Amino acid sequence: MARKGLFGEPGWDILLDLYIADRRRTELQVSSVCLDAGVPSTTILRWISRLEREKLIYRTADASDARRRYVRLTDEGRTMMRKVLRAISAAGLA
């Protein structure tokens, strides 16, 4: 279930933000993920690329404005986040 080094900052922040957005049925723009993490955009963009390679998230263009890109959890990313959050809850860490 766990992927080496994935749950360090800011990877965990990105996944958690996307999980929350998914549960709320909202979308996050790549630029919003960069701002929310509070670290340089180059760092976030590297993490987004890594999480895409891990098949946990994906980027997609806005249908009405091709300049805007959204980032979302894949089914695999959503499943992994549920498992991790359940394990944290079961361990009494939440």
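# Reading the labels on a predicted model

User: Why does Lys-55 count as exposed?

Analyst: This is a predicted model, and its coordinates give Lys-55 a relative accessibility of 54%. Exposed means over 50%. Lys-55 therefore counts as exposed.

User: Where is Lys-55 found?

Analyst: Lys-55 is in the loop between helix 3 and strand 2. Its phi is near 65°. That is a positive value in a residue other than glycine. Most residues other than glycine have a negative phi.

User: Why does Arg-25 count as exposed?

Analyst: Arg-25 has 77% relative accessibility. The cut-off for exposed is over 50%, so Arg-25 counts as exposed. Arg-25 lies in the loop between helix 1 and strand 1. Its phi, near 60°, is positive too.

User: Why are helix 1 and helix 4 called roughly perpendicular?

Analyst: Their axes cross at roughly 100°. Angles from 65 to 115 degrees count as roughly perpendicular. Helix 1 and helix 4 therefore get that name. The two axes come within 11 Å.

User: Which residues meet where helix 1 touches helix 4?

Analyst: Helix 1 brings Trp-12, Leu-15, Leu-16, Tyr-19 and Asp-22. Helix 4 brings Arg-78, Met-80, Met-81, Arg-82, Val-84, Leu-85 and Ile-88. Nine of the contact residues are nonpolar, three are charged and none is polar.

User: What makes strand 1 and strand 2 edge strands?

Analyst: The sheet is open, with three strands in the order 1-3-2 and antiparallel pairing. Strand 1 (28-29) and strand 2 (57-61) each pair on one side only. That makes them the edge strands.

User: How do you know that strand 1 pairs with strand 3?

Analyst: A pair needs at least two bridges. Two bridges join strand 1 to strand 3 (residues 69-73), so the strands pair. They run antiparallel. Gln-29 has Tyr-70 as its bridge partner in strand 3.

User: What lies across these strands?

Analyst: Helix 1 (residues 11-24) lies across strand 1, strand 2 and strand 3. Helix 1 runs at about 90° to strand 3.

User: Which residues touch the most other members of the largest nonpolar core?

Analyst: They are Ile-14, Leu-15, Leu-18, Val-33, Ile-44, Ile-48 and Ile-57, out of 22 core residues. Helix 1 gives the most to this core, with six residues.

User: What does Ile-44 touch, not counting residues up to four places away in sequence?

Analyst: Ile-44 touches Pro-10, Ile-14, Val-33, Cys-34, Ala-37 and Val-39.

Notes
Residues numbered from 1 in each chain as written. Predicted model: local features only at pLDDT ≥ 70, side-chain atom pairs only at ≥ 80, totals over all residues. Heavy atoms only, no water. Helix = DSSP H or I, 4+ residues; strand = E, 2+ residues; numbered from the N terminus. Contact = heavy atoms within 4.5 Å. Axes fitted to C-alpha atoms, helices over the stretch in contact; angles between N-to-C directions. Core = buried A, V, L, I, M, F, W, Y, C linked by side-chain atoms within 4.5 Å. Buried < 20%, exposed > 50% of the residue type's maximum accessible area, 1.4 Å probe, protein only. Parallel < 35°, antiparallel > 145°, perpendicular 65-115°, else oblique. Nonpolar A, V, L, I, M, F, W, Y, C, P; charged D, E, K, R; others polar.
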